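Hi,

Here is the structure I promised to pass on.

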Amino acid sequence: MGKVLSEDPIARALLSICVPADGGGAPSALSAEQWKAVDAAAELHGLVPRLSEWASRTMRTDCPDELLAGWQFAHLTQGARNVCALRQLEELGKAVAAAGTRVLALKGAAALFSVYGSLCLRRLDDLDILVEPDSASVVAQVLADLGYHSTEQSRPRKSRAEALLIERRREHLAPFVRPDSFPVELHVNLMRRARREVVLAEVWRSAVPVGYPAPGIWLLCPEHFLIHTAVHYVKHLETGFAPLKSLVDILEMATTHSLDWLSIQRTAGRWGVAREMALVLATLRHYWGLALPKGIAAARPIDLRRMLEVHPPSTDVPDVDHARYYLTRLLRVRELPDLGSQAAYLVRMLLPAPGYMRYRYHLGDDAFLLPYYGRHLATGVRVAVRGAATAAIRALTGRAGAR
């Protein structure tokens, strides 16, 4: 592993930072301005905790001292934060076990247990937890007993019809927050675009217990972790932007675990996410030289400019995808049985609860929210207009080319 395909020195640096082993493909000497660009791009992609270790591993002598000091501080600080995250998970694991249920750690929370040898390398912003079917209320009460509160509490009361629609469609509940703790997101579904019943049954059947000191915490088996991470990455990429830290999770997993790629491909097909899995594996093989058996990942890799976001994208395809995502959510209103439920659903979509707005924009309890509601609506309108305009231009261009 270590293949890097780019002449852009900043892109080469980012691709090299992702490599678990030797940091192959690192660029030659960079200017001070280029190092600042690498630092900014690494922050965007959740890679800053890896920079100190990468610079040491690749023996960088051209990096400004102030950046090296900042990266070392970020590396150690992330390690301390992740120790706190593990203690938070241990507390939750003991509490859910005492309540007679269990939860699955997902994404970064799971990566701390099963992927990384060092707690300092993986940026973590929240704790994603999958609950067993029909146990969301039990785990929510456990969190309440531990001092968390849901950012959804201040939402207006939903009709039964709307509540059923949201429960069927959504992937996770509104975040649970507690002072001086990571937010906790309870997932009721693993992947919205996958075959829900099949996925959940197989995931829980193959789950691996963490054991002491977190008896109620379980983990996805390595193959399921890899598939979920790949699908999650593609979902975010298709709605605008996806940080590279998710791809690094897969590269690290491939380095530390013996994986049955044919089995992974079959499982992805059974779950209905073969396209996403092939796209990610083709990308990892193309840019990082991930060794795969013949016949695996028959897809074109993701365009480098779109993946890295080092430069503005060459097209506005993400705008179209983002607009389509919100249009799909908007059209779900038709599934509600009466005008009252439909109106309430639209209001909640356009004007989220105050608790969610404070969480979304990192605001205190006494913050004045009106400007942020304006910002929220303006962003939605801008995405819709740009997406519609881009789609129209592409359609017209396609017709002209057909002639």
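Predicted model: local features only at pLDDT ≥ 70, side-chain atom pairs only at ≥ 80, totals over all residues.

Numbering starts from 1 along each chain as its sequence is written, and side-chain values use heavy atoms, leaving out hydrogens and water.

The largest nonpolar core has 104 residues, and L186, Y233, W261, W288 and M307 touch the most other members. (Such a core is a set of buried Ala, Val, Leu, Ile, Met, Phe, Trp, Tyr and Cys residues joined through side-chain atoms within 4.5 Å; buried means under 20% relative accessible area, with a 1.4 Å probe and protein chains only.) Another core, of five residues, lies apart from it, and M357, Y361, L363 and L369 are among them.

On the aromatic side, R102 sits over the face of W218, 4.4 Å from the ring centre (the cut-offs are CZ of Arg within 6 Å of the centre and within 35 degrees of the ring normal).

Then there's helix α11, residues 261-271, helices being DSSP runs (H or I, at least four residues) numbered from the N terminus. Its buried residues are W261, I264, T267, A268 and W271. Down the axis of α11 they fall within an arc of 120°, so they line one face of the helix; the arc is taken from the directions from the axis to the C-beta atoms. Their cover includes α8 (196-206), α9 (222-238), α10 (245-256) and α12 (274-288). After α11 comes G272, with a positive phi near 85°.

Cheers

Note on methods: Buried < 20%, exposed > 50% of the residue type's maximum accessible area, 1.4 Å probe, protein only. Helix = DSSP H or I, 4+ residues; strand = E, 2+ residues; numbered from the N terminus. Contact = heavy atoms within 4.5 Å.
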